[in-house]
Amino acid sequence: MNYFEVTSLFKGKKEIKVIKAPNKKDAITIAKTKIPGILLNIKVTAAPVEDKLSDFKNKFLKSVIKKKIDTKALIAAIRQLAVMTNAGISIHDSIKEVANASVDKTLKDIFENINDDLNSGLSLTQSMMPFRGDLGDVTLALVELGESTGNMSESLEKLAEILEEMEENRQKFKKAMRYPITVMVAIAVAFTILMVYVVPKFKEIFSKFKTELPLPTKILLFLENIIHNYGFYLLGFIIATIIFFKYMLANNVEFKKKYDQYILKVYLIGNIVFYATMARFTLVFTELIRSGIPIADALETSLLTLDNMHLKQKLSSVNVSVQRGVSLTEAFRETGLFEGMLIQMISAGEQSGTLDKMLEKVTNYFKSRFNEIIDNISSYIEPILLGFIAGMVLLMALGIFMPMWDLAKAVKN
């Protein structure tokens, strides 16, 4: 959101007010509906000091303890809106009814604010804009599509289907990761207990040894010393690091760019992010093309649905290439994100006039690859877990028993 200084003439007096809006066009619309009198001038201005402090506090709190909307409640609300608009009920009355019926407090507050903005003359897209972070870019993209095509009920129905699929993918990923996370937590707890209660007893014995301790034992004693003397500081550092990381990810663009680029290179996680993101992009793009939206506009809207900034930057080049007259097939090929088989499918669809059908097949391909990884994630992770467990057990065993063996040899000699 940007700040705009609005100068108006009301009852013969000049008044200056500061408003917030995504861009100048929206600022003019808001100013006309909310500021009485004649608009004389509107220009970008710096945020007031109190607003800067308030924004920083809100951003920090949102990054750390952000209360998310219940996705199921949002999907139910979108479906209710689709049914009501399809029945011929105005969007104003539909939004008001959804606000009254919503059980989720956050969602209820959002729809009540949207209803107030609708009554003040803003469009549904403009009313939802301040809640982009809560509702998601996909929601705004499909609502904007409904307003531009005049078929809001169909767009809302499609939006509900997309949100359901995205939620299903999230639940699949959480379910698949539940086992490895449980194992890792159990190992961490067991290792901490051993360090706190078991190793200190052996430490007293090892301190009486006059010989050089083996490396595994030194490592164990070093870890025990850190946990025993600096355990709470270490825990505080970990929590602070997580909070700082979440804040930077939410508020620092350069940091997020580097993170999004790095995450795509991480084993297994990178493929999950890539295929999930590409499936979402092609799904929305396909629906927009099928609705008769021009390719350039469909690409621009589809890009709004992308969370990963690295992929978003690469796919943004497609829109630039298409506007320069390059074919969609060549534009997609230049990104390096699509396999040769997919490029051939897109080319065939572009030449035969069945682009939407071929893009649907591309979407299904990305979905199938994502599902394949999720369904077999245990088999991918188990070797890593086994190696990690073996390493921890080996360190503990060698660290404790190697000095014993050396002592036994010394006594024997």
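Colleague: Which residues does phenylalanine 338 touch, not counting residues up to four places away in sequence?

Modeller: Contact means heavy atoms within 4.5 Å. By that rule phenylalanine 338 touches Met278, Thr282, Leu315, Phe332, Ile343, Ile346, Val362 and Phe366, residues up to four places away in sequence not being counted. This is a predicted model, where local features need pLDDT of at least 70 and side-chain atom pairs count only at pLDDT 80 or more, while totals for chains, interfaces and linings use all residues. Residues are numbered from 1 along each chain as its sequence is written, and side-chain values use heavy atoms, with hydrogens and water left out.

Colleague: How many residues has the largest nonpolar core?

Modeller: A nonpolar core is a set of buried Ala, Val, Leu, Ile, Met, Phe, Trp, Tyr and Cys residues joined through side-chain atoms within 4.5 Å. Buried means under 20% relative accessible area, exposed over 50%, and partly exposed in between, with a 1.4 Å probe and protein chains only. The largest such core here has 91 residues, and Phe338 is among those with the most contacts inside it, as are Ile114, Leu135, Leu315, Phe332 and Phe366. Helix α9 gives the most to this core, with 15 residues. Apart from it lies another core of 10 residues, including Phe4, Ile19, Ile42 and Leu122.

Colleague: Is leucine 163 buried or exposed?

Modeller: Leucine 163 has a relative accessible area of 8%, so it is buried. It lies in helix α9, residues 152–206; helices are DSSP runs of H or I of at least four residues, strands are runs of E of at least two, and both are numbered from the N terminus. Beyond four places in sequence, leucine 163 touches Leu74, Ile75, Ile78 and Thr139.

Colleague: And where does threonine 301 lie?

Modeller: Threonine 301 lies in helix α13, residues 295–303. Threonine 301 counts as buried because its relative accessibility is 16%. With neighbours within four places in sequence left aside, it is in contact with Ala141 and Leu288.

Colleague: What does the radius of gyration say about the protein chain?

Modeller: The radius of gyration is taken over C-alpha atoms, and the globule rule is 2.2 Å times the number of residues to the power 0.38. The protein chain has 18 helices and 3 strands. Its radius of gyration is 29 Å, well over the 22 Å that the rule gives for 413 residues, so the protein chain is more spread out than a compact globule. The C-alpha trace spans about 100 × 60 × 45 Å along its principal axes.
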